[in-house]
Structure formats: C-alpha cells, structure tokens
Amino acid sequence: MTDATAKIHNWRQADARIGTSGQPSEAQLAAIAADGYRTVINLALHNDARYSLRDERATVEKLRMQYVHIPVQFGSPTAEDLQGFFDAMDAHREEKVWVHCAANMRVTAFLGLYRVRREGWDRDKAFELMRGLWKPDETWSAFIERSLQEP
C-alpha cells in the first residue's frame, strides 16, 4: 500500500486481497494499480460530479485494470445489486480487488454480507469494517437483515 492509497477517502484494507474506499481520484486509481490491484468494483452512481469521475471506466482500463460498475442507489439497495456484487467478487476471487462507492458505506455493508453468505464468516467479524466506519440507517439495517436471511 502506498501513501497515496492510504489517503483515499475512508480507505480501509479489508485483507491482503481487498481494498475498500470512498471515491478515488484518477491519481489515486493509478496508485491502486501500482499497488497490484487488478479489478475495480464501483458501487456508486456516475451521475454526481461530487462523488464520481467523468469517465472512471476509461481511466481504470487505461491503467490495465478491469472495471465493474454496479450502481447501487444509496436510499434503496436491492437484492439484484447484492447478487451483482457477489458475482463480481466471485469472478475476481483470485486477484487483488479494489471496491469503492462514494464514502465506503455501501461497500462495507455489501462486503460484510458477502463474507457471511459466501465465505461463512461470523457475522460480528464480517461487519467489523462497516461498524468502524458507519452505523446503517433504517433502510440499510433492514436490507442487511433481509439479505442475511437469504440462502
């Protein structure tokens, strides 16, 4: 991890393979690539210049990384969004993956669910990153609970 990577908004190192954060800048995406990440998964929307880059896909692909965009509406996450995230994480499980959204809230919730449902983690351990960053509101708390009940 470079100093530039650690300065990304709400950066968290989930483990040796997974980095998470809020929206990185183009320079920070270059640092992510230099740190050996091969895929960027973005859970934020592309329609707000405060929380998105003009053409993140082109920037990421120019850095020779793969780009996966799963636009999750913060006020209404869906089971389909979560399934798309699970599929992307499964497809890239053998490489370093950087997952971001606007502030690392969607990401830490989805990653906690992935760890419980796909990797068999204990719930408390799986959501440590999330709890260290934010407390889900009613919408997200209900979404997490519903998602934990799914097979």
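Helices (H or I, at least four residues) and strands (E, at least two) are taken here as DSSP runs, numbered from the N terminus. With that in hand, colour the protein chain by secondary structure: there are eight helices and five strands, and along the sequence they follow the pattern α-β-β-α-β-α-β-α-β-α-α-α-α. The model is predicted, so local features need pLDDT of at least 70 and side-chain atom pairs count only at pLDDT 80 or more, while totals for chains, interfaces and linings use all residues. Residues are numbered from 1 along each chain as its sequence is written, and side-chain values use heavy atoms, with hydrogens and water left out.

**The whole chain**

Zoom out before selecting anything. The C-alpha trace spans about 40 × 30 × 25 Å along its principal axes. The radius of gyration, taken over C-alpha atoms, is compared with a globule rule of 2.2 Å times the number of residues to the power 0.38. For 151 residues a compact globule would come out near 15 Å, and the protein chain, at 14 Å, agrees with that.

Accessible areas come from the Shrake-Rupley method with a 1.4 Å probe, and for residues only the protein chains shown count as cover. The total is about 7,600 Å², of which 49% belongs to carbon and sulfur atoms. Buried means under 20% relative accessible area, exposed over 50%, and partly exposed in between (1.4 Å probe, protein chains only). Of the 151 residues, 48% count as buried. A contact means heavy atoms within 4.5 Å; among contacts between residues at least 6 apart in sequence, 72% join residues at least 24 apart.

**The nonpolar cores**

A nonpolar core is a set of buried Ala, Val, Leu, Ile, Met, Phe, Trp, Tyr and Cys residues joined through side-chain atoms within 4.5 Å. Select I41, L43, F85, M89 and V99: of the 33 residues in the largest core, these touch the most other members. The elements giving two or more residues to this core are α4, β5 (97–100), α5, α7 (128–131) and α8, and α5 gives the most, with seven residues.

Centre on I41 and show its surroundings. Leaving out residues up to four places away in sequence, I41 touches V68, I70, F85, A88, M89, V97, W98, V99 and H100. A second, separate core of eleven residues includes I8, I32, L53 and W98.

**The aromatic residues**

Next, display the rings. Rings of Phe, Tyr and Trp (its six-membered ring) pair if their centres lie within 6.5 Å; planes under 30 degrees apart count as stacked, over 60 as edge-to-face and the rest as tilted. A search of the whole structure finds ten such pairs.

Start with F74 and W140: their ring centres are 5.5 Å apart and their planes meet at 40°, so the pair is tilted. F74 is partly exposed at 29% relative accessible area, whereas W140 is buried at 0%.

Move on to F85 and Y114, an edge-to-face pair with 6.1 Å from centre to centre and 80° between the planes. F85 belongs to helix α4 and Y114 to helix α5, 29 residues apart, and both are buried.

Which residues form one aromatic cluster? Select F74, F85, F86, F110, Y114, W134, W140 and F143 to see it.

F86 lies in helix α4 (residues 79–91) and, at 1% relative accessibility, counts as buried. Beyond residues up to four places away in sequence, F86 touches F110, L113, Y114, R117 and R118.

Is R115 buried or exposed? At 3% relative accessibility, R115 counts as buried.

**Last stops: backbone and charge**

Most residues other than glycine have a negative phi. N10 is not a glycine, yet has a positive phi of about 55°; look for N10 in the loop between α1 (3–6) and β1 (12–13). R64, also not a glycine, has a positive phi of about 65° and sits in the loop between α3 (56–62) and β4. N10 is partly exposed at 23% relative accessibility, while R64 is exposed at 76%.

Finish at K96 and Y37. A charge sits over a ring if NZ of Lys or CZ of Arg is within 6 Å of the ring centre and within 35 degrees of the ring normal. Here the charged end of K96 sits over the ring of Y37, 4.4 Å from its centre.
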